[in-house]
Amino acid sequence: QVQLVESGGGLVQAGGSLRLSCAASGVICSTSNVGWYRQAPGKERELVAAISRFGITNYGDSAKGRFTISRDNSKNTVHLQMNSLKPEDTAVYYCNVATFSGLFPRDAFWGQGTPVTVSS
């Protein structure tokens, strides 16, 4: 059974930092693509950052230069370091893990989300 447990969200002032964590069980992050998404009230869910099974990272435009995604294989955990936070970063942040069977996508799993609120 796959479980993704996000943590690290909370309330922070603009300009502050938070570090989100996605701890996975039942799936191996290092052989999967792992992404952080966010959804603000009234808006669609959007990609914040992702790290592929090959270690290649990519970022949404809003995250470039401020956020860093990293993977700790020993803990089967993916982190999202968020610096210089802005009120518009306020959202629920979700972890997504996409597994592969060889070259082909297989399954995708979502965590329950962790809320981030940035006050001005």
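Author: A residue is called buried when its relative accessible area is under 20%, exposed when it is over 50%, and partly exposed in between, with a 1.4 Å probe and protein chains only. This is a predicted model, in which local features need a pLDDT of at least 70 and side-chain atom pairs count only at pLDDT 80 or more, while totals for chains, interfaces and linings use all residues. Residues are numbered from 1 along each chain as its sequence is written, and side-chain values use heavy atoms, with hydrogens and water left out.

Reader: How many helices and how many strands are in the chain?
Author: Helices (H or I, at least four residues) and strands (E, at least two) are DSSP runs, numbered from the N terminus. Read from the N terminus on, the elements run β-β-β-β-β-β-β-β-β-β-β. The count for the chain is therefore zero helices and eleven strands.

Reader: Which residues form a disulfide?
Author: A disulfide is a pair of cysteine sulfur atoms within 2.5 Å, and by this rule the count comes to one. The pair links distant parts of the chain, strand β3 (residues 18-25) and strand β9 (residues 91-101), with its two cysteines 73 residues apart. With their sulfur atoms 2.1 Å apart, the residues are C22 and C95.

Reader: Why is the disulfide of C22 and C95 left-handed?
Author: The handedness is read from the torsion about the S-S bond of C22 and C95. The disulfide is left-handed because this torsion is about -75°.

Reader: How far is the sulfur of C29 from the closest cysteine sulfur?
Author: C29 is buried, with a relative accessible area of 1%. Its closest cysteine sulfur is in C22, but the separation is too far for a bond, because it comes to 5.8 Å.

Reader: Which residues form one aromatic cluster?
Author: Rings of Phe, Tyr and Trp (its six-membered ring) pair if their centres lie within 6.5 Å, and planes under 30 degrees apart count as stacked, over 60 as edge-to-face and the rest as tilted; by this rule the count comes to two aromatic pairs. The rings of Y37 and W110 have centres 5.0 Å apart and planes at 65°, so this pair is edge-to-face. Y94 and W110 also form an edge-to-face pair, at 6.4 Å centre to centre and 85° between the planes. The cluster is made of Y37, Y94 and W110.

Reader: Where does the charged end of R53 sit?
Author: A charge sits over a ring if NZ of Lys or CZ of Arg is within 6 Å of the ring centre and within 35 degrees of the ring normal. One such case is R45, which lies over the face of W110 at 4.5 Å from the ring centre. The charged end of R53, 3.9 Å from the ring centre, sits over the ring of F100.

Reader: What share of the residues of the chain count as buried?
Author: The limit for buried residues is the one given at the start, under 20% relative accessible area. Applied to the 120 residues of the chain, it gives a buried share of 40%.
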